[in-house]
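These notebook entries record what I looked up in one structure.

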Amino acid sequence: MSAAFKHPRDHGKPDLLEWAKVFDEKLPGHRVEILGGMITVTPLPDACHAVVLTDLTLTLRPVHTEKTMVVQRLGLRLPGAPFDFAIPDLAIVDTDCEAQHPEWNLYDPAFFRLVLEVTSANYDLDTQTKVPAYARAGIPAYVIVDRKYRRLHILTDPVGNWYRSHRFYDPGERAALPVSIGAEIELDVGAIIERAGYCS
């Protein structure tokens with residue numbers, strides 16, 4: 001499997017990836033992504049966003065093994081527009097990716113078993129724009145911690161631009177992650193939503 005990510009230059013003019021790098025350098029801490037051929041910039045996360053990611057990382061400890069690992073903000077190359085990439089808040093990936101050294105540190109989607117986003121001011125980006133992007137990339141599971149409507153989404157079985165299964169879980173429920181991540185894990189939705197706080 002190849003994770004090389006090369007792009008043609010247009011007569012010496014900067015490409016979208018180079019512009020994204022400029023934004024990244026000028027806006028430290030912000031998340032710069034290219035989705036659907038457009039550069040997107042997400043502001044610094046608040047404390048609740050950071051804390052719930054730490055809690056989820058600890059909950060996912062059983063999948064941090066010799067074969068799989070839990071990572072935050074690992075670049076994911078996306079199919080579609082030639083420069084598209086995302087940086088999920090959290091992901092479960094195959095450890096094989098450590099041996100790769102892709103250009104721009106954007107890893108092949110084949111390494112990713114699950115991606116997770118915690119919504120903030122970028123609500124539509126996480127709940128609309130990224131759904132077809134992750135599905136087209138063949139990411140087996142996409143989890144959204146929805147801080148606006150205070151629920152958890154688990155999307156599985158990607159086909160084309162969408163996921164065949166999209167389940168919502170409310171506080172008081174437990175959400176089982178697909179076993180394809182490498183372990184049997186249930187999430188306490190109420191605890192996650194409480195830690196995540198509210199964000200419109």
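How many bridges join S9 to S10, and do they run parallel or antiparallel? I found that 6 bridges join these two strands, and that S9 and S10 run antiparallel. Valine 143 has isoleucine 154 in S10 as its bridge partner. I noted that helices (H or I, at least four residues) and strands (E, at least two) are DSSP runs, numbered from the N terminus. Two strands pair if DSSP finds at least two bridges between them.

**Entry on the source.** I am working with a predicted model, in which local features need pLDDT of at least 70 and side-chain atom pairs count only at pLDDT 80 or more, while totals for chains, interfaces and linings use all residues. Residues are numbered from 1 along each chain as its sequence is written, and side-chain values use heavy atoms, with hydrogens and water left out.

**Entry on the sheet.** I looked up the strand order and found an open sheet of 6 strands, S3-S6-S8-S9-S10-S11, with mixed pairing. Strand S3 (68-72) and strand S11 (162-169) are at the edges with a single partner strand each, so one side of each has no neighbour in the sheet. From one strand to the next, the twist averages 20 degrees. I recalled that strands of a sheet pair through backbone hydrogen bonds, either parallel or antiparallel. (Angles run from 0 to 180 degrees between N-to-C directions, and axes are lines fitted to C-alpha atoms, for helices over the stretch in contact.)

**Entry on S3.** I found S3 and S6 antiparallel, joined by 5 bridges. Valine 70 stands opposite isoleucine 92 in S6. Is S3 largely enclosed or left open by the rest of the structure? S3 is largely enclosed, because 4 of its 5 residues are buried. Here buried means under 20% relative accessible area, exposed over 50%, and partly exposed in between (1.4 Å probe, protein chains only).

**Entry on the helices at the sheet.** I saw that helix H3 (residues 123-136) lies across S8, S9, S10 and S11, and runs at about 175 degrees to S9. H4 also packs on the sheet, where it touches S9, S10 and S11. The direction of H4 makes about 55 degrees with that of S9.

**Entry on H2 and H4.** I recorded an angle of about 150 degrees between these packed helices, with their axes 8 Å apart. H2 and H4 are therefore roughly antiparallel to each other. (Angles under 35 degrees count as roughly parallel, over 145 as roughly antiparallel, 65 to 115 as roughly perpendicular and the rest as oblique.) Which residues of H2 meet H4? Cys48, His49, Val51, Val52, Asp55 and Leu56 in H2 meet Ile192, Arg195 and Ala196 in H4. Contact means heavy atoms within 4.5 Å.

**Entry on the core.** I looked up the largest nonpolar core, which has 27 residues; Leu116, Val145, Leu152 and Leu177 touch the most other members. The elements that each supply at least two residues of this core include helix H2 (47-59), strand S9 (141-146) and helix H4 (189-196). H4 gives the largest share, 4 residues.

**Entry on the hairpin.** I found that strand S1 (residues 31-35) and S2 pair in the antiparallel sense over 5 bridges. S1 and S2 form a hairpin with 2 residues between them, and glycine 36 in the turn has a positive phi of about 60 degrees. Glutamate 33 stands opposite threonine 40 in S2. Threonine 40 counts as buried, because its relative accessibility is 15%.

**Entry on two arginines.** I noted that most residues other than glycine have a negative phi, and most peptide bonds are trans. Arginine 73, in the loop between S3 and strand S4 (75-77), has a positive phi near 55 degrees. Arginine 150, in the loop between S9 and S10, also has a positive phi near 55 degrees. Arginine 73 counts as partly exposed at 41% relative accessibility, and arginine 150 counts as partly exposed at 33%.

Terms used:
Core = buried A, V, L, I, M, F, W, Y, C linked by side-chain atoms within 4.5 Å.
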